[in-house]
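Please keep the sequence and the coordinates open while reading.

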Amino acid sequence: MVGKYRKKSIKDLAVQRARILYSLAISEVEKGEYERARRYIDVALRLIEKANARKPIFLRRGVCKNCHTPLIPGLTCRVRLRGNRKHIIVTKTCLLCGWVRRIPCRRKAEK
Ligand SMILES: [Zn+2]
């Protein structure tokens, strides 16, 4: 099945599938099935790795690096904003393992 696609398409396909798995993982978290959600994320991460694709933003930003739980504000993570005049620092704390991620952003939107 995979053989039909050229290399670039395999990567696109992997990202597409990973996105589906990610949304499945989120619905599992909403049901309280954290273990199953983590398994979906694991599969998605392996898919990306196997396809040698760049990790899509939803897997880089939306998943706890430590326990692979999808991070949903108010449910599995706590989001705090800090910053000064130039930068905003978004702090995401995983409520399941306590892992903290800081994402610095410039105040001026670049895109
Ligand atoms: Zn975690």
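Helices (H or I, at least four residues) and strands (E, at least two) are taken here as DSSP runs, numbered from the N terminus. This is a predicted model, in which local features need pLDDT of at least 70 and side-chain atom pairs count only at pLDDT 80 or more, while totals for chains, interfaces and linings use all residues. Residues are numbered from 1 along each chain as its sequence is written.

By that definition the chain has 3 helices and 3 strands, and from the N terminus on the elements follow the order α-α-α-β-β-β. Taken along the principal axes, the box filled by the C-alpha atoms is roughly 50 × 35 × 20 Å. Burial is judged by counting neighbours: a residue is buried if 20 or more other C-beta atoms lie within 10 Å of its own, exposed if 12 or fewer, and partly exposed in between, with C-beta atoms placed from the backbone. On this count, 22% of the 111 residues of the chain are buried. Contacts are defined by distance, and two residues are in contact if their C-beta atoms, placed from the backbone, lie within 7 Å. Among contacts between residues at least 6 apart in sequence, 45% join residues at least 24 apart.

A nonpolar core is a set of buried Ala, Val, Leu, Ile, Met, Phe, Trp, Tyr and Cys residues joined through C-beta atoms within 7 Å. The largest such core has 18 residues, and Ala18, Tyr22, Ala25 and Ala44 have the most contacts inside it. Both α1 (7-31) and α2 (34-51) supply at least two residues each to this core, and α1 gives the most, with 7 residues. Apart from its neighbours within four places in sequence, Ala44 is in contact with Ala18, Leu21, Tyr22 and Leu59.

Ala44 also belongs to the buried residues of α2, which are Ala37, Arg38, Tyr40, Ile41, Ala44 and Ile48.

Asn52 follows α2 and is found in the loop between α2 and α3 (57-61). Although Asn52 is not a glycine, its phi is positive, about 60°. Asn52 is exposed, because 10 other C-beta atoms lie within 10 Å. His68, in the loop between α3 and β1, also is a residue other than glycine with a positive phi, near 65°. His68 counts as buried, because it has 21 C-beta neighbours inside 10 Å.

What order do the 3 strands take in the sheet? They form an open sheet in the order β1-β2-β3, with antiparallel pairing; two strands pair if DSSP finds at least two bridges between them. β1 (77-83) and β3 (100-106) stand at the edges with a single partner strand each, so one side of each is left without a neighbour in the sheet. From one strand to the next, the twist averages 20°, with axes fitted as lines to C-alpha atoms (for helices over the stretch in contact) and angles running from 0 to 180 degrees between N-to-C directions.

The two pairings can be followed in turn. β1 is joined to the antiparallel β2 by 7 bridges, and a hairpin of 3 residues connects these strands. Within this pairing, Arg78 stands opposite Thr93 in β2. His87 stands opposite Arg106 in β3, and the bridge partner of Ile88 is Cys105 in β3. β2 and β3 form a hairpin with 5 residues between them, and Gly98 in the turn has a positive phi of about 85°. β3 itself is hardly covered, with 0 buried among its 7 residues.
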